[in-house]
Amino acid sequence: FNQQFLLQLPKDKLTDIWYDDSRMNVLFAPFRNRSVNPHDWDSKLNFWRNLIFETCIYNTVYTVKVEELQKLFNIKGRSPGCLNIVIEEMVKNGDLKQLEQFLQKPSKTWGSWMTNTFIKKPLSWSYSKIRDSVRPPSVDGVFVNVSAIASASDKLQSIVPEDFKNRIVTLKEVLELMNVDETKSSQIKLILHHLMCAGSLDMYEINEDNENQSNLNNTLIKFDNTKGKKQITEVDISTHILEQTEKSLSLLVEKLEKEVLGYVDEAKSYLTKGHRQMAKNCLRKKHDVDKRLLQKADALHNVQLLLLNLRDTNTDTQVFQSYQLALSTLKKNFKDTGVSEESVNDVIAELGSTLDMHEEIQTTLAQPISGNDDDLEDELAMLIASDSPPVDPSSPSKPVVDAEAEELKKRLEDLKLPDVP
């Protein structure tokens, strides 16, 4: 961990009290017994607490030391004589934590969480209470301003774009997002550690032993997204390593291609001057670079294929999970509704039998209620025959005269046509 140095707040961020000599004399003086004047005692403590908080926020530095604060808040060669008590009270109130205590990693498994919650934390709390009752907390060492860290964490979460929540990002990308210099990467790691402990992200160091600032790409961060998937997996780590390898190989291939073109131009230049041996030498160098270029291009192609396979693995996993979800849903619906192949066959058979029964019922309902109508038809024919007059067989029958035909015949007779020679 690299300790950063604090700078004094600019004048526009200091309160008017800072320029009031009589008031600052009181604030610089050691604390008296709180029981004498509790209001002034608390007011003095709040002044220094707020000043330390604002200083940390302004500097983007969240670690403090008593010796450093005494030098920073020096006025006319005089340092505050009350900072030891201020640090002790801020530690008691939870505003400050020892750096080692703050950097304790959260438990990721159920067993370790149970152990920490019901064994380690109660024992540590009991030990701290007993120790603090015997002697005040130590003000030596490096402290983390927890209040300033929490404020900076809220600010970071408010500016995280949506595309950061769907992929692995590096510490370098986070520094660029926050517009913070790389020299303060260790301070930003404190913010990320706080968010990790709060469950808002996951963080992984590829090379934990390497603390160089040039390795900012080896700190991986995965912010919480709407799907709740924030844990960094082996696939995420492998994908990131391959992506970094792809970038470095691409840059190397571009560099080698430029070298090849440079040697060609250099050989042409020697030929125009008549220096054939120098031109041949350039071509030999070009051939050597060509071999390297071919090897690196093949390696780049292999890395790109691996990346495609890894990304397809994620897609295949999502498809497989969707199949599993659909299958379990169908099974549950069939189980809840009692639908099965046997039950469906039984229902279809029973439905056919019921339809046949319905057709028979309709046919039966369509039959007449009283007996047969054949007797009624016979009786009706007898009544019609009884109403007709009897026919005398001895009288001659008269032909039936068609009135219309007679009328037509008469008209033809009355028709007078001219004589035809």
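Reader: At what angle do the axes of helix 10 and helix 11 cross, and within what distance do they come?

Author: First, the ground rules. This is a predicted model, so to speak of local features pLDDT must be at least 70, side-chain atom pairs count only at pLDDT 80 or more, and totals for chains, interfaces and linings use all residues. Residues are numbered from 1 along each chain as its sequence is written, and side-chain values use heavy atoms, with hydrogens and water left out.

Now the pair: helix 10 (residues 234-273) and helix 11 (residues 276-337) have axes that come within 8 Å and cross at roughly 160 degrees. That makes the two roughly antiparallel (angles over 145 degrees). Sorted by class, their contact has 25 nonpolar, six polar and 12 charged residues (Ala, Val, Leu, Ile, Met, Phe, Trp, Tyr, Cys and Pro are nonpolar, Asp, Glu, Lys and Arg charged, the others, Gly among them, polar).

Helix 10 also has a link to a strand. Asp-236 meets Lys-222 in a salt bridge, 3.1 Å from N to O (a side-chain nitrogen of Lys or Arg within 4 Å of a carboxyl oxygen of Asp or Glu). Lys-222 sits in strand 6 (residues 219-223) and Asp-236 in helix 10, so the pair ties together parts 14 residues apart in sequence. A search of the whole structure turns up 10 salt bridges.

How values were computed:
Axes fitted to C-alpha atoms, helices over the stretch in contact; angles between N-to-C directions. Helix = DSSP H or I, 4+ residues; strand = E, 2+ residues; numbered from the N terminus. Parallel < 35°, antiparallel > 145°, perpendicular 65-115°, else oblique.
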